[in-house]
Amino acid sequence: MKLAEAMSRLGTETAFEVLAKARALEAQGREIIHLEIGEPDFDTPSNIIEVAGTALREGKTHYSPSAGIPELRQAIAEYTSETRGVDVTPEQVVVTPGGKPVMFFSILALVEEGDEVLYPNPGFPIYESMINFVGAKPVPLVLEEERGFRFDVSQLRKKVTSRTKLLIINSPQNPTGGMLTREDLEEIAAVAKEHDLMVLSDEIYERIVYDGEFVSFLSLPDVQERTILLNGFSKTYAMTGWRLGYGVMPEELAVHITRLMTNSNSCTSTFTQHAGVEALRGPQDEARKMVEEFKRRRDVIVPGLNAIEGIRCAMPSGAFYVFPNIEGTGMNERDFADYLMEEAGVAVLAGTSFGEYGRGFIRMSYANSIENIQKALTNIDAAVNKL
Ligand SMILES: Cc1ncc(COP(=O)(O)O)c(C=O)c1O
């Protein structure tokens, strides 16, 4: 079979491969602690499940409009207006099956062969994958450990060229847990305006924040016409398997992203969208409790990792990942990740799964119980001591 040439440029997410490897070891009777997966280990709040069940029984099982049911677009517009302090209309909202398609569609709709796209590295691997897929040039904004994994905006200024079309930012960030400050975002906005760039702001971890202030790029003055906000329900409401997310963007672009939806998915699952209205408008206490529990776990895993010789771990401000530097162990990140799986029974991801600037780091997700995290720390310490 001769595949289209673009397929050779399409990347993937290693997390799914590592998960498969861990499952294979488990099938042989090995016990593996899963710290590789980027999803909350909690159940979806029951009020959301109830509404989905009712929607199914009431026959909300047909196609919906491609951009989403009016009630959900309205609820998202209201939520975004309230939390960002801007006026968002339902026409600016496109509901998608998960947040990921917003990335896919925005890049397809805006970026042409030969264009340049700035994106965080280490960062969510699909950004680079999609930029390559459309034949554009990925230009990394290197995240720096000593800056709490924020990129230096002067780096951004140096890397913008006349070919730069789109700038991708992600805060709180996967895989580092770092968060951009208001000053960072203001400077980024100034660069975007100066060079007339579109900005894709991936804010999917907006509600999973422990220290510091979360600032949405969309809340800055005069950026609405160039901003695509990527958001969704997967992380905040533990709804990864439901596939429900959305983009908020200029109405002019929403029309085209909607056309991409019509051409690909037709629409997002209808009863799921009804559950999304409940998620936004119903009680938020379970979502809040989840964040409190993540914080407790963060406060166990970070000091635990720092107590292991050869490992240095920065305190993340948000999301549910730590991104420890493991250079002191004398191993590279891929070998170390393999070693931890084999020797410690702990599944983690190599930092380079998130781009070349993840060299020397691993990513661990602390979406697991404190008991399992403590067990993993003990096993990792023992494995490192054998080196
Ligand atoms: C930074 C970032 N953006 C987007 C997504 C995609 O979310 P969804 O599962 O809603 O498609 C993820 C999921 O891991 C993520 O980490």
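This is a predicted model: local features need pLDDT of at least 70, side-chain atom pairs count only at pLDDT 80 or more; totals for chains, interfaces and linings use all residues.
Let me begin with a definition: two residues are in contact when heavy atoms of theirs lie within 4.5 Å. Leaving aside its neighbours within four places in sequence, Leu166 is in contact with Ile107, Leu110, Val111, Glu116, Val117, Leu118, Met198, Val199 and Leu200.

Leu166 also belongs to the largest nonpolar core, a set of 69 residues. Together with Ile168, Ile301, Leu305, Phe320 and Met364, Leu166 is listed as having the most contacts inside that core. There is a second, separate core of 34 residues, and among its members are Ala22, Phe151, Val153 and Phe323. As a general matter, nonpolar side chains in soluble globular proteins tend to be buried together.

I move now to the chain as a whole. The protein chain contains 12 helices and 12 strands. Its radius of gyration is 21 Å, close to the 21 Å that the globule rule gives for 387 residues, so the chain is as compact as a globular protein of that length. The C-alpha trace spans about 60 × 55 × 50 Å along its principal axes. Of the 387 residues, 58% count as buried. Contacts between residues 24 or more positions apart make up 74% of the contacts with a separation of 6 or more.

What does the surface consist of? The chain exposes about 16,200 Å², and 50% of that area is supplied by carbon and sulfur atoms. As for charge, there are 38 positive and 56 negative side chains. The centres of these two sets lie 2 Å apart.

Val277 is found in helix 9, which covers residues 270–281. Is Val277 buried or exposed? Its relative accessibility is 15%, and since buried means under 20%, Val277 counts as buried. Not counting residues up to four places away in sequence, Val277 touches Ile69, Glu71, Leu72, Ala75 and Gly282. Val160, by contrast, is 117 residues from Val277 in sequence, and the two C-alpha atoms are 39 Å apart in space.

I close with the backbone. In general, most residues other than glycine have a negative phi, and most peptide bonds are trans. Which residues does a cis peptide bond join here? Pro122 is placed in the loop between strand 3 (116–121) and helix 5 (125–133). A cis peptide bond also joins Asn174 and Pro175, where omega is about 15°. Pro175 lies in the loop between strand 5 (164–170) and helix 7 (182–194).

Positive phi values deserve a word as well. Ala238, a residue other than glycine, has a positive phi near 50°. Ala238 sits in the loop between strand 7 (227–232) and strand 8 (245–248). With a relative accessibility of 8%, Ala238 counts as buried. Ala319 likewise has a positive phi, near 60°. The loop that holds Ala319 runs between helix 10 (285–306) and strand 9 (321–322). Ala319 is buried, and its relative accessible area is 0%.

How values were computed: Residues are numbered from 1 along each chain as its sequence is written. Side-chain values use heavy atoms; hydrogens and water are left out. Helices (H or I, at least four residues) and strands (E, at least two) are DSSP runs, numbered from the N terminus. The radius of gyration is taken over C-alpha atoms; the globule rule is 2.2 Å times the number of residues to the power 0.38. Buried means under 20% relative accessible area, exposed over 50%, partly exposed in between (1.4 Å probe, protein chains only). Accessible areas come from the Shrake-Rupley method with a 1.4 Å probe; for residues, only the protein chains shown count as cover. Lys and Arg count as positive and Asp and Glu as negative; His and the chain ends are not counted. The place of a charge is taken as NZ of Lys, CZ of Arg, CG of Asp or CD of Glu. A nonpolar core is a set of buried Ala, Val, Leu, Ile, Met, Phe, Trp, Tyr and Cys residues joined through side-chain atoms within 4.5 Å.
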